[in-house]
Amino acid sequence: MKPPDSRFGTALTLTARELLRNRVAVLMLFIIPTLFYTIVALTTRTAKVPFKLASVAGSPLAQVSERSSSLIFIGTAAVGLLAAFLGLSLVQKNIEANRRLVLCGYRPAELIGARLVVLLVVVAVVGTFVAELLPLFFTPERFVLVMAGFALAGFVYGCYGLLVGAIFRRELEGILFISLLANIDAGWLQNPVYYAGAQNQVIIRLLPAYYPSQMSIIAAFTRYGVGRAVTGSLVYGSAFLALALAVYFLRMRIRRPRPNPMTPV
Amino acid sequence: MPSSTESAGVEQLLSVRHVARAFGRNRVLIDASLFIGPGEVVGITGENGSGKSTLLNIIVGRLRPDSGTVTASGRIGYCPQEMLVFDTLTVRENFRFFAAAYEVADWPARMDALLGRLNFGRYVDTPVSHLSGGTRQKLNLAVAWLHEPDILVLDEPYSGFDWETYLHFWDITAEHRRLNRAVLVVSHFVHERTRFDALYRVAAGRLEPESVR
């Protein structure tokens, strides 16, 4: 007799199908970064500007074109922002239908695991796409590491999106919470030019996009090591993920009727 | 006819004992007890906000009671009042998702049988978002039946059904009863009392028996 379909495999396939059927959203994942890059290219100068490499020992100064540094900054911000909204949507959409699946036998870990895999695949694809556009404007020093930096921004903010989606029941609150942090952090304070002149750099260093932004910038313009930036990104993303899982498991918690001791099931 | 009452030596598929639940200061259920044996079809009615859905949510495990116990012999199938299915997936994909949850291997055959009985087979590859409210309700109900549960718990199952589907619903329920399985229907109105073996009304946080005549 044919065995039943794997629960995780089914959840993975159907979650991916749900996402792919939202064609406009899938298209926007590629249109938004392209638009961001175009605007940066049209509005920035090619003149060199100095900024500090904050996460490198001694914070040495780098002199790069305003356009190139802005492209790296906006690429990181775009991937982070898109990943956060995707994470939010993956958890929040159909959460009560998912809870029904848990009542029917699914383990919460199988459902959230499938969503996490879909999120990571999309982050990898979008991160690669955004990095692949860069050579149209300039040649990064270490292309693969820039790409990895974008993907790490997606990982950190994607996990933040999962957390926000697990906490809030309504979409608007989730969107506002993501906009609040992502706009201030990835979309503003991590701009290397802004960072260089900031009064309080400690706050900026504590924000989630700090390490992925540093990784992309260091890799794009220098040969310095990126180990600290990779570790920091992974720790930050994993912490968000652990919190997201804890809240998700609480939301999915059920209390099945006890088996009747009088009657064998 | 089965009695739906607790008695020594009588096998119960579902036992709800002295269940209480409050939301803040609002004591929705104070002391609700219910026993359902094999082959019984039991109905629960009550006004809106009386606690019917709260009791059902406790029975299926969506809510935790403040006190009291729920025990069950066998598998429960649950059809909620809300449409808890996946809008962007097709009818077939929804069946597939729930079949994986129940670990039902021969789900395509069971799906075909349910689609035929409830007369919505032509929509099998249609996304749920394109279906009418009544057809969505059929799907909501059908996935609860997919694993042939021993106890079927239905919250307002036939709202939105046309007359023909309503009759099919009772045909399937009668078959369920013949197989010695139990059905619990919660509805704010019951207009064919004789279809039930026992009826209860939720009032003032308790379950009061009502006549089925």
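Between chain A and chain B, 5 salt bridges are counted in this predicted model, a salt bridge being a side-chain nitrogen of Lys or Arg within 4 Å of a carboxyl oxygen of Asp or Glu. One of these joins B:Glu103 to A:Arg7, with 3.6 Å between the closest N and O atoms. Helix 1 (7-21), helix 4 (95-104) and strand 3 (258-259) of chain A each contribute at least two residues to the side of chain A that touches chain B; helices (H or I, at least four residues) and strands (E, at least two) are DSSP runs, numbered from the N terminus. The residues on that side of chain A comprise 15 nonpolar, 8 polar and 13 charged, where Ala, Val, Leu, Ile, Met, Phe, Trp, Tyr, Cys and Pro count as nonpolar, Asp, Glu, Lys and Arg as charged, and the others, Gly among them, as polar.

The contact (heavy atoms within 4.5 Å) draws on 36 residues from chain A and 39 residues from chain B. About 3,400 Å² is buried between the two chains, with carbon and sulfur atoms giving 57% of this area; buried area is the accessible area (1.4 Å probe) that two parts lose on being put together, summed over both. Strand 3 of chain A pairs in the parallel sense with strand 4 (residues 67-72) of chain B over 2 bridges, pairing requiring that DSSP find at least two bridges between the strands. Within strand 4 of chain B, B:Ala72 stands opposite A:Pro259.

Chain A itself contains 11 helices and 3 strands, arranged from the N terminus as α-α-β-β-α-α-α-α-α-α-α-α-α-β. The C-alpha trace of chain A spans about 80 × 35 × 35 Å along its principal axes. Of the 265 residues in chain A, 53% count as buried, that is, under 20% relative accessible area, with exposed meaning over 50% and partly exposed in between (1.4 Å probe, protein chains only). Among contacts in chain A between residues at least 6 apart in sequence, 75% join residues at least 24 apart.

A:Ser70 lies in helix 3 (residues 66-92) of chain A. A:Ser70 counts as buried because its relative accessibility is 12%. Residues up to four places away in sequence being left out, A:Ser70 touches A:Val40 and A:Thr44.

Residues are numbered from 1 along each chain as its sequence is written, and chains are lettered from A and ligands numbered from 1 in the order in which they are written. In this predicted model, local features need pLDDT of at least 70 and side-chain atom pairs count only at pLDDT 80 or more, whereas totals for chains, interfaces and linings use all residues; side-chain values use heavy atoms, with hydrogens and water left out.
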